[in-house]
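Me: I'm new to this one and would like a close look at a single part of it. Could you start at a ligand and then show me what lies elsewhere?

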Amino acid sequence: MCITCGCGTDEAHIVKDGHNHPENHHTHHHGHTHSHSHGHDHHHVQDRLLHLEKDVLHENALLAERNRGYFDAKEIVAINLVSSPGSGKTMLLECTLKDLKEDLSFCVIEGDQQTSLDADRIKATGTNAVQINTGKGCHLDAHMVLHAVQELKPKENSVLFIENVGNLVCPSMFDLGENQRVVIMSVTEGDDKPIKYPDMFHTSGVCIINKTDLLPYVPFDMDKAIENARKINPELQFFPVSCTTGEGLGEWYNWLKKQVRHLQTA
Amino acid sequence: MHELSIVLNIIDIAEKEAKKADAASISAIELSIGKLSTIEPVAFDFAWKHGVKNSMLEHARRITNYIDGKGRCNKCSTEFLMEALYQPCPQCGDYFSEIIEGKELQIKSLRIEEKIET
Ligand SMILES: Nc1nc2c(ncn2[C@@H]2O[C@H](COP(=O)(O)OP(=O)(O)O)[C@@H](O)[C@H]2O)c(=O)[nH]1
Ligand SMILES: [Mg+2]
Ligand SMILES: [Zn+2]
Ligand SMILES: [Zn+2]
Ligand SMILES: [Zn+2]
Ligand SMILES: [Zn+2]
């Protein structure tokens, strides 16, 4: 039994099939089976209107607040990494984990629809990681993260990276309880990406523009990309980087270290 | 297709509330969906059709109110119809605005049929 979320199961379902609980939510029975031998006149049903005014994502919001409370209490910096497939989330993590090994303590939650390839890449750097396979689900939610965190047991003062499923629409709606949302776009994707996926850029605090080593070969206008993103989110902070050459990663690392120090002194 | 997971969330909440109220069935559901909530109406209709099968909402009538986006400029406080997140203030041209309506994703009400035993 999961005490925190009351879902009646342990973490097994998280790893296997995402947000579907084993106890089937969608079966039910109507318990009206008495016989009609008694000779009275009655109505079986009566209409009633229930005013709910309830947010559809209310439950996710509650669990996200729990996660955030846990992270705050343990001074963990939780970072939700979002992007289209192939923008370089996993490679950015590989670089960061290797380069900052001596400076910070890390662990990683890997979201993927099918495989555990990314988690294997992370584990190869010597970092503790768990894989969540979402199956058909195109995003992580706060409940999955809660169970993954129970399994990972991140240390105090550490950085928890959460690599979301490669998708720029749907993960924008699901708060995981993270302290920072970081959106990655790569120069091969076009400078109009922010305009096409405004919600993700609107809800992120940091934007990494990856694969700058390819700038000579693609028609990507860096100033225009930043201008487009700022129209949606004037407060967004930008880090142009190349994970292949290492260019620009230093500034991203400094930002990361500042987040940890900020929590410690807050 | 996050619309499907939104539909499944709606079913979950509706069934829980209906059971709490000891309902035999749900005859109608009213939703409010903001036009800036990332829900795409066509995809949502499709997800609904498939998602509600074998649930208490399978035969429920659905009333969906789509709510216009409304922004308030952080600079000059003008309120304006917001059709996209990157729309500048029509008064001063600034992009720094707050969304005050259009992000809704709510179940407004359920019409249930109660079991009555006599
Ligand atoms: N040229 C170039 N390729 C990169 C860079 N970063 C990542 N890649 C490549 O892009 C592909 C996708 O990277 P990956 O980290 O798996 O992306 P993810 O799907 O966002 O996790 C891989 O083939 C990487 O080698 C970069 O800075 N420059
Ligand atoms: Mg990856
Ligand atoms: Zn649970
Ligand atoms: Zn009877
Ligand atoms: Zn999704
Ligand atoms: Zn204005």
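Which of the 17 residues around ligand 1 come nearest?

Reply: A quick word on the ground rules: this is a predicted model, where local features need pLDDT of at least 70 and side-chain atom pairs count only at 80 or more, while totals for chains, interfaces and linings use all residues. Side-chain values use heavy atoms, with hydrogens and water left out; residues are numbered from 1 along each chain as its sequence is written, and chains are lettered from A and ligands numbered from 1 in the order in which they are written.

Now to your question. The nearest ones are A:Lys89, A:Thr90, A:Met91, A:Asp213 and A:Thr244; a residue is near a molecule if one of its heavy atoms lies within 4 Å of it. Two of these also show up in polar contacts (pairs of N or O atoms within 3.5 Å; within protein, one must be able to donate a hydrogen and the other to accept it, and residues adjacent in sequence count only if both atoms are side-chain atoms). A:Thr90 puts a polar side-chain atom 2.7 Å from an oxygen of ligand 1, and an N or O atom in the side chain of A:Thr244 sits 2.5 Å from a nitrogen of the ligand.

Helices (H or I, at least four residues) and strands (E, at least two) are DSSP runs, numbered from the N terminus.

The values are 0% for A:His139, 1% for A:Cys170 and 9% for A:Cys138.

Next comes α5(A). 9 of its 11 residues are buried, so the helix is largely enclosed by the rest of the structure. Among the buried ones are A:His143, A:Met144 and A:Leu152. At the start of α5(A), a side-chain oxygen of A:Asp141 comes within 3.1 Å of the backbone nitrogen of A:His143. Just after the helix, A:Lys153 takes a positive phi of about 50 degrees.

Stepping back, chain A has 9 helices and 8 strands, and 52% of its 266 residues are buried. Of its contacts (heavy atoms within 4.5 Å) with a separation of 6 or more, 72% join residues 24 or more positions apart.

Technical notes:
Buried < 20%, exposed > 50% of the residue type's maximum accessible area, 1.4 Å probe, protein only.
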